[in-house]
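Reader: I am new to this structure and would like to go through its salt bridges. Please show it to me.

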Amino acid sequence: MKKWKYLTMTAVMGSALMLGACGSDSAQNGNNTETNAPASSGQEAADEKLQGSVAGDGSSTVAPIIEAVVEEYAGAQPDVKVSVGVSGTGGGFEKFIAGETDFSNASRNIKDEEKAKLGEAGIDYTELALAYDGLSVVVNPENDWAKDLTVEQLQKIWIEDGKEKKWSDIDPSWPDEKIIYYSPGTDSGTYDYFDEIILDGADLVSSATLSEDDNMLVQGVAGDKNAIGFFGYAYYLENKDKLNIVKVNGVEPNNETIEAGEYTPLSRPLFTYVKNSAMKDNEAAYDFIKFTLENAGDMAEAVGYVRLPEEKYTEGLKTLEGLK
């Protein structure tokens with residue numbers, strides 16, 4: 001299968017796709033993906049062709065899966081215009097609540113306050129699972145000391161305590177060098193998940209460089225021997241020649257440990273949330289989400305995530321059909 005790349009700030013003509021990586025102000029400005037590509041030569045003429053448009057936004061972690069799906073869908077339904085922004089999970093939900101999108105990609109479950117705002121806006125929605133991810137902690141390749149960290153050590157590294165931290169503060173045998181931090185931005189579902197599971201609601205270190213663009217985090221960690229960061233597993237795989245992955249409680253994230261639930265507590269599901277009315281009234285939106293569920297497992301594996309059990313996709317398709 002083709003190895004899909006997450007294209008950041010790159011415009012590609014024809015059947016390709018442009019995904020804009022968003023910084024901390026993405027929720028307001030948003031960068032969109034649009035495709036209107038010709039059908040593949042192998043597409044049967046008898047297939048039903050739709051017209052219309054579909055709009056989504058949300059998680060940068062989910063973006064590689066959706067990017068791959070959108071490119072495939074362009075061959076099946078060339079007259080459907082699919083636009084997908086990457087404003088982060090929180091930014092995506094803001095647009096979903098405002099009624100600007102048909103679906104919202106998320107690397108965490110929807111929050112109670114987001115549910116309440118959707119209720120106030122009169123928007124009914126449905127959660128659909130797409131894949132599993134193992135949130136990955138990474139360090140610079142020259143870092144030969146922080147190979148295996150406990151949850152307690154991660155807390156000591158990442159929780160703000162009013163002091164400048166050095167690696168030797170975590171373990172006296174480690175270098176007497178200042179730790180440099182790279183973290184997803186606060187609109188990111190990855191940030192929220194790390195906050196819940198590792199920080200337990202405490203403040204993240206104030207010196208951290210924050211960005212909704214995971215590629216900027218990769219560059220930051222790859223460029224500094226004393227740096228540490230975290231993001232979705234697919235971004236590690238895409239850049240494993242530039243980074244070292246850190247075991248957590250003795251377990252390294254990979255397809256087997258993530259799927260088996262052994263990589264705890266940093267394994268998590270990835271979702272898309274659909275607007276029920278769009279699934280009922282917008283044939284193109286319904287068809288695109290159906291295509292997404294039918295292909296999410298293959299696309300997830302192609303970009304480095306872990307597919308769900310097949311019965312989960314079957315359940316999702318049945319749920320979706322019930323919305324039509």
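**Salt bridges in the model**

Author: Glu294 and Lys290 sit in helix H12 (residues 283-303), 4 residues apart, about one turn of the helix. The model is predicted.

Reader: How far apart are the closest N and O atoms of Glu294 and Lys290?

Author: A salt bridge needs a side-chain nitrogen of Lys or Arg within 4 Å of a carboxyl oxygen of Asp or Glu. Glu294 and Lys290 form one, and their closest N and O atoms are apart by 2.7 Å.

Reader: Is Glu294 buried, partly exposed or exposed?

Author: Partly exposed covers the range between under 20% (buried) and over 50% (exposed). The relative accessibility of Glu294 is 43%. Glu294 therefore counts as partly exposed.

Reader: Which helix holds both Lys115 and Asp112?

Author: The side chains of Lys115 and Asp112 meet in a salt bridge of 3.9 Å, N to O. The two residues are 3 residues apart, about one turn of the helix, and both lie in H4 (residues 112-120).

Reader: How many residues apart in sequence are the parts that Lys166 and Asp176 tie together?

Author: Lys166 forms a salt bridge with Asp176, with 3.4 Å between the closest N and O atoms. Lys166 lies in the loop between helix H5 (151-158) and helix H6 (167-170), and Asp176 in the loop between H6 and strand S8 (180-184), so the pair ties together parts whose separation in sequence is 10 residues.

Reader: Is Asp176 buried or exposed?

Author: Exposed means over 50% relative accessible area. Asp176 has 53%, so Asp176 is exposed.

Terms used
Residues numbered from 1 in each chain as written. Predicted model: local features only at pLDDT ≥ 70, side-chain atom pairs only at ≥ 80, totals over all residues. Heavy atoms only, no water. Buried < 20%, exposed > 50% of the residue type's maximum accessible area, 1.4 Å probe, protein only.
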